[in-house]
Each structure stands twice: as C-alpha cells, then as structure tokens.
Amino acid sequence: MVTRARTVLVARLDNAGDVLLQGPMVRALAHGAERVVFLAGPAGAAAAELLPGVDEVWTWACPWILGDPPPVDADDLAVLTDRVRALAPDEAVVSTSFHQSPLPLALLLRSAGVPRISAISVDYPGALLDVRHRVDDDLPEPERALSLARAAGFDLPPGDDGRLDVRRPLPAPRLEPGYVVVHPGASVPARAWPAQRCAEAVEALADAGHRVLVTGGPAERELTAAVAGTRGVDLGGATTLAEMAGLLDGAAAVVVGNTGPAHLAAAVGTPVVSLFAPVVPAARWAPYGVPTVLLGDQSAPCRGTRARECPVPGHPCLTSVTAHDVVAAVEELVAVQQPAVAPPRAARREAAATTQGAP
C-alpha cells in the first residue's frame, strides 16, 4: 500500500451503469485516501453520488468519451484544468472502457499539476502516466477497474468482498417487497428487447401470479405505459436513481437489458434476468455478483460489433427470447432465494455463489 493519499481524483465519464461498476475500485481508493473526488459525465453523476467512498462528485461533459459529444471548447477545458489545479489532488486514477483512451484526460490532469496519474492504456503514454496498467480485456468490468486501483497501490479494506454496492439507507418504496421489475428501455436501441415482447412478458408474469412494476426514465413514459398495459404498474419517469435503487432492492427479480438498471440491481443484490444483446461481451458486462439468468443468442451475427443500432434485420439476438423464457427465468431465480420474497443482501450474496449464470 502506498502512503495514504490526502486526495484522489477518480474519473469515469460515461453512463450510470459504467459508473456503478467502478464501485469496488472506488472503495479501494477510499481505503487508502482521506478524500475521493469523482469526476463523472452528466449521465453518470447521480450514480457516482450513490457509491460508498465518494466524498464529492464533479460533473463534466467530455468531448472524447460521450456518445453524443459536445464540441471541444478551449474555455471549457481551461475551466476544468483550473478546477483540478485548485483541488491539487495527490493523484488521479482515470478509468475507461476498453475502447476509450485515458490519454486526453491524462494530458489535462498533468497540465493541471497532478503529480501521479494511473490508467489502463494500450497506447504509449509518454510522460502522461506514472502507472500504465494493462489487463486481459475479458475481465468483468468491476474486476478490471479494481485491478487498476491495485496497480496504483490501493486495495479493498479487510472484509470487503469486491461486489457492487450503494450507499444506504435507500429510499423505501411504499410497496410490499417481492414484486418483479421489468425495465424495457436501454441506453442504445441494439440492446433493447422489443416493446411488444416486454408487454407480453408483463402479461405472462401477471398470469404466473407475480406483481409487476414497469420502470423507465422521464423520456420513456410512452414506452413504459405501453409495456405495463393493464396488468403492470407503470412507474415510468416516477423515480430518481436513488429511488430506483430502493425499488430494485425490494424486488424478487429484475428483467432488464444490458443497461444501467441491470448494474443498479446488482449493486443492491437483486437477481437479474439479463436480456443481453451480444454487441458487447457478456463476460465483461453481464450483471456482476448476483444470481443471473442470461437470455439472448450470444452467438448472433451482431456479436462483438459494439453496434448502437442493430445491424441484423429483425434483431434476432433478442427477438428469439419469448415471454415464456422470461417467466421461467424469473421463477428459477425466485426459487433460489429463501424466503422467496426479497431476502436480505447477505442471503442474496450467498445465493449468488451457487446460482447458474452468476458471474
């Protein structure tokens, strides 16, 4: 372990799910620092606020990370540089996905006077990095990020199991626990189960005796209303991210694609039926550390394309999944839990070690 740092700046500049996957890394940094400041993108800031170990969250729209990037603005870069210089962190850890480069931000941080910078980089960093870490890209994302913290000289505190986590207490929903949550939206269309299939699943889950809640963001209200129909409870646009975490914490299972709420469910210890399009590898991005049933054709032609829009007519990797498949997966996950209604987090973690499909 390095000498305890006074302040560590950690950066992860993309989506909420990506930020939640940094949880074990953040806790390792917090164990070796007096203060952790998290630099997040606009879509990830609320998730950063939920991470144990984060003392302060900064929000910045990064022009080389975001999928819909703002233009490069010299004044904006100067403002961030000045803010980092005023913070004067003892070191910085720049976390990126395998297809992103940490070097532009490292250059900014170095110009702001940060004396020690660590990142994963396949490109030669010159004087930009003090710790250039390299990893096997098939590592699950939380383990990949944690390995960076360890390369920088930090590790988890004794007794920390390295799973995802959120700050507690969470807002408590006014609902008896044990319901099933269906989240039909996704961050990009290629990862979404078709809305009609989602609606069929709500009907089938209700027929099987499950209470079904349908969740989504403010921009997804039309989608959630259509999916909920008359058998589900439509909560589209009705929750903050923290309230969503509390809602997922009371669920018996969550049905969701490869998008932020899948990782939020994992962070509260709730089993996941993962409708996973193989445009990115499940080995890296499947829900981590909880009982999981992975659905979707992982050998489909779209495999590994990182496509945002499905490149194959008919979206076969996910349209091949039926409502019956989802009901069977939910009942498999519920059967593992004792009792079968919203067990405590510790019980869910014990189940995670034995459930088929768990990472």
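Visitor: Which helix gives the largest share of the lining of the largest pocket?
Guide: In this predicted model, helix H10 gives the largest share, with four residues.

Visitor: Which helices supply at least two residues each?
Guide: They are H1 (16–20), H3 (45–49), H9 (241–249) and H10.

Visitor: How many residues line that pocket, and which lie nearest its centre?
Guide: The lining of the largest pocket has 45 residues. Nearest the centre are Asn15, Ala16, Asp18, Ser187 and Thr259.

Visitor: How much space is in there?
Guide: The largest pocket holds about 1,400 Å³.

Visitor: And how does the lining divide by class?
Guide: The lining of the largest pocket has 20 nonpolar residues, 18 polar ones and seven charged ones.

Visitor: Back to H10, then. Which strands does the chain link through that helix?
Guide: The strands are S10 and S11. Strand S10 (residues 253–257) and S11 run parallel and are joined by four bridges. The chain passes from S10 through H10 (residues 260–267) to S11, in a right-handed β-α-β crossover.

Visitor: How many bridges join S11 to S12?
Guide: Four bridges join S11 to strand S12 (residues 292–295), and these strands run parallel.

Visitor: Are the side chains of S11 buried or exposed, and which way do they point?
Guide: In S11 (residues 272–275), Val272 and Ser274 point one way, Val273 and Leu275 point the other way, and all are buried. In a regular strand, side chains alternate between the two faces of the sheet.

Visitor: What about S5: which residues lie on each side?
Guide: Strand S5 (residues 117–120) has Ile117 and Ala119 on one side and Ser118 and Ile120 on the other. All of these are buried, so both faces of S5 are covered.

Visitor: Which strands pair with S5?
Guide: Strand S4 (residues 91–94) pairs with S5 in the parallel sense over three bridges, and strand S6 (residues 131–133) pairs with S5 in the parallel sense, also over three bridges. Val94 stands opposite Ala119 of S5, while Ile120 stands opposite His133 of S6.

Visitor: Which helix forms a β-α-β unit with S4 and S5?
Guide: It is helix H5 (residues 103–111), and the unit is right-handed.

Visitor: Changing topic: how many cavities of 30 Å³ or more are there?
Guide: The structure has two of them. The largest cavity contains about 50 Å³ of space.

Visitor: Which residues line the largest cavity?
Guide: The lining consists of Ala11, Arg12, Leu13, Trp64, Ile65, Val94, Ser95, Thr96, Gln100, Ser101 and Leu105. Six of the lining residues are nonpolar, four are polar and one is charged. Val94, named here as a lining residue, is the residue that stands opposite Ala119 in S5.

Visitor: Last topic, helix H8. Which of its residues are buried?
Guide: The buried residues of H8 (residues 221–228) are Thr224, Val227 and Ala228.

Visitor: Why are they said to be on the same side of H8?
Guide: They are on the same side of H8 because they cover an arc of only 95° around the axis.

Visitor: And which residues are exposed on the other side?
Guide: On the other side of H8, Glu222 and Ala226 are exposed.

Methods. Residues are numbered from 1 along each chain as its sequence is written. This is a predicted model: local features need pLDDT of at least 70, side-chain atom pairs count only at pLDDT 80 or more; totals for chains, interfaces and linings use all residues. Side-chain values use heavy atoms; hydrogens and water are left out. On a 1 Å grid over the protein atoms alone, a cavity is a set of points where a 1.4 Å probe fits but cannot get out, and a pocket is an open set with protein on both sides within 12 Å along at least five of seven lines; lining residues have an atom within 4 Å of a point. Grid points are joined across faces, edges and corners, and a volume is the space filled by probe spheres set on the points. Ala, Val, Leu, Ile, Met, Phe, Trp, Tyr, Cys and Pro count as nonpolar, Asp, Glu, Lys and Arg as charged, and the others, Gly among them, as polar. Buried means under 20% relative accessible area, exposed over 50%, partly exposed in between (1.4 Å probe, protein chains only). Two strands pair if DSSP finds at least two bridges between them. A crossover is right-handed if, with the strands pointing away from the viewer, the path from the first strand over the helix to the second runs clockwise. The arc is that of the directions from the helix axis to the C-beta atoms.
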